[in-house]
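Have the structure open as you go.

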Amino acid sequence: MSNETKLQKQLAKLSSSNASKSIKLRTKDLKGGGFSIYLDHYHNGKRTFHFPKIYLYEDKPFDNEENVRKAIAFRDRMESEIVDQRLGLPIANWKRRSSFLDYFQALGIKKNHKRWHAAFLHLNNYTNGKCSFADIDVKWVEGFKDYLIGVRHINTAWAYLGNVKVALNQAVKDGILTDSPARNVNIKRRHEHREYLTVAEVQTIAKTPCFNPIVKDAFLFGCYTGLRLSDIEGLTWENVKDGYLTIRQVKTDDPLRNALSRPALEILSRQDTGRKYVFNLPSRSTITRDLVRWLQDAGINKPIKFHGSRHTYAIILLSEGKVDLFTVSKMLGHMDIKTTQIYAQVVDSMKDEATRRFSAVWDEEV
């Protein structure tokens, strides 16, 4: 019997094992040949998939037989677990012994977010590459928190711990844990001062020549659209059509579609439509150097980085455009309106300062 025939028999065995089972064993073609076995569970109108990292290859018939048995046993164990959960019985020990690192990494792949990958690298370092759910308690989470604070900026540490908390909460939903040990472990995020330009300052730099005109146009485009540098770097002409900007944000992988303002359209009209990217930008270090020199030439003495263009856009929308917070949040592509509220706090402080100046006028009159 050829290896190909053996593989087909093993695939048929997997398929036949699905009879009367609520969790079905499926296979997915691998790019390099062979199949990845996964579990397909449909319950209460919701479909979930689980990939146990079990594979079948044509040139490995003996491994395939073992892997088919493993897959069936894994599926049957999951079905038993679901029944136990519905009956209120204790969670099976085998799930708590499974790898939290594998679970976290799988979630990160599903979310397709760079921050999850960075958080995983720190998790891997903290645990020396080995950690089961049974290893995780409040003390473990507190230790990871202290580790993060020791190696990363406080706000980055807050973000990475947040990823772990999301994963542990998901593990509770998946029936692996009864409660999250990270529920009461927190890092206080530091709300730092966000430098921005006023309308008058944007008008000033727009009139000031820059050593690198592309850096100037890209920064001003950020002031007029609120795009992050990563999104401006990857902006193509396909993203700007019929007066609208349509992208998938690099940082969050979320879609964003906004109408383009007149000054933003004017900047686009100056760019070369014959190239793929709208702005043919140099390296990040060169951008920073040219930006600093340009702002100095314009007489702007604020420590503005490129991301300051995004801050400028948000604050001008709130203060000059009188746009509501929810709309600004959507225009910036924020996942959480709490992030946008930081800009509202800046605008409130501007109002407080205006009131103080107004009061001073009357003090002078007296």
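Strands β1 (residues 23-29) and β2 run antiparallel and are joined by seven bridges; strands here are DSSP E runs of at least two residues, helices are H or I runs of at least four, and both are numbered from the N terminus. Two strands count as paired if DSSP finds at least two bridges between them. This is a predicted model, in which local features need pLDDT of at least 70 and side-chain atom pairs count only at pLDDT 80 or more, while totals for chains, interfaces and linings use all residues. Residues are numbered from 1 along each chain as its sequence is written, and side-chain values use heavy atoms, with hydrogens and water left out.

- A hairpin is formed by β1 and β2, with five residues between them, and Gly 33 in the turn has a positive phi of about 105°.
- Across this pairing, Asp 29 stands opposite Phe 35 in β2.
- Strand β2 (residues 35-43) is mostly covered, with seven of its nine residues buried; buried means under 20% relative accessible area, exposed over 50%, and partly exposed in between (1.4 Å probe, protein chains only).
- β2 also runs antiparallel to strand β3 (residues 46-56), joined to it by eight bridges, and Leu 39 stands opposite His 50 in β3.
- Two residues lie between the strands in the hairpin of β2 and β3, where Asn 44 takes a positive phi near 50°.

- Gly 34 is found in the loop between β1 and β2. Is this residue, Gly 34, buried or exposed? Its relative accessible area is 19%, so Gly 34 is buried.
- Beyond its neighbours within four places in sequence, Gly 34 is in contact (heavy atoms within 4.5 Å) with Lys 28, Asp 29, Leu 56 and Tyr 57.

- Three strands make an open sheet in the order β4-β5-β6, with antiparallel pairing. β4 (240-241) and β6 (255-259) are at the edges with a single partner strand each, so one side of each has no neighbour in the sheet.
- Five bridges pair strand β5 (residues 244-248) with β6 in the antiparallel sense, and Arg 248 stands opposite Pro 255 in β6.

**Nonpolar cores**

- The largest nonpolar core has 35 residues, and those with the most contacts inside it are Ile 205, Phe 219, Phe 221, Phe 279 and Leu 281. A nonpolar core is a set of buried Ala, Val, Leu, Ile, Met, Phe, Trp, Tyr and Cys residues joined through side-chain atoms within 4.5 Å.
- At least two residues of this core come from each of α8 (199-207), α9 (213-225), α10 (229-233), β5, α11 (262-269) and α12 (284-297); α9 gives the most, with seven residues.
- Leaving aside neighbours within four places in sequence, Leu 281 is in contact with Ile 214, Val 215, Ala 218, Leu 229, Ile 232, Glu 233 and Ile 287.
- A second, separate core of 30 residues includes Phe 100, Ile 176, Ala 182 and Val 185.

**Aromatic rings and charges**

- There are 16 aromatic pairs, counting rings of Phe, Tyr and Trp (its six-membered ring) with centres within 6.5 Å; planes under 30 degrees apart are stacked, over 60 edge-to-face and the rest tilted.
- The ring centres of Tyr 103 and Phe 133 are 5.2 Å apart and their planes are at 75°, so this pair is edge-to-face.
- Tyr 103 is in helix α4 (residues 100-111) and Phe 133 in the loop between α5 (114-127) and α6 (138-151), 30 residues apart. Both Tyr 103 and Phe 133 are buried.
- Ring pairs link a cluster that includes Phe 100, Tyr 103, Trp 116, Phe 133 and Trp 140.
- Arg 293 lies over the face of Phe 211, at 4.6 Å from the ring centre; a charge sits over a ring if NZ of Lys or CZ of Arg is within 6 Å of the ring centre and within 35 degrees of the ring normal.
- Lys 302 has its charged end over the ring of Tyr 196, 5.2 Å from the centre.

**The protein overall**

- The protein has 15 helices and six strands, and buried residues make up 42% of its 366 residues.
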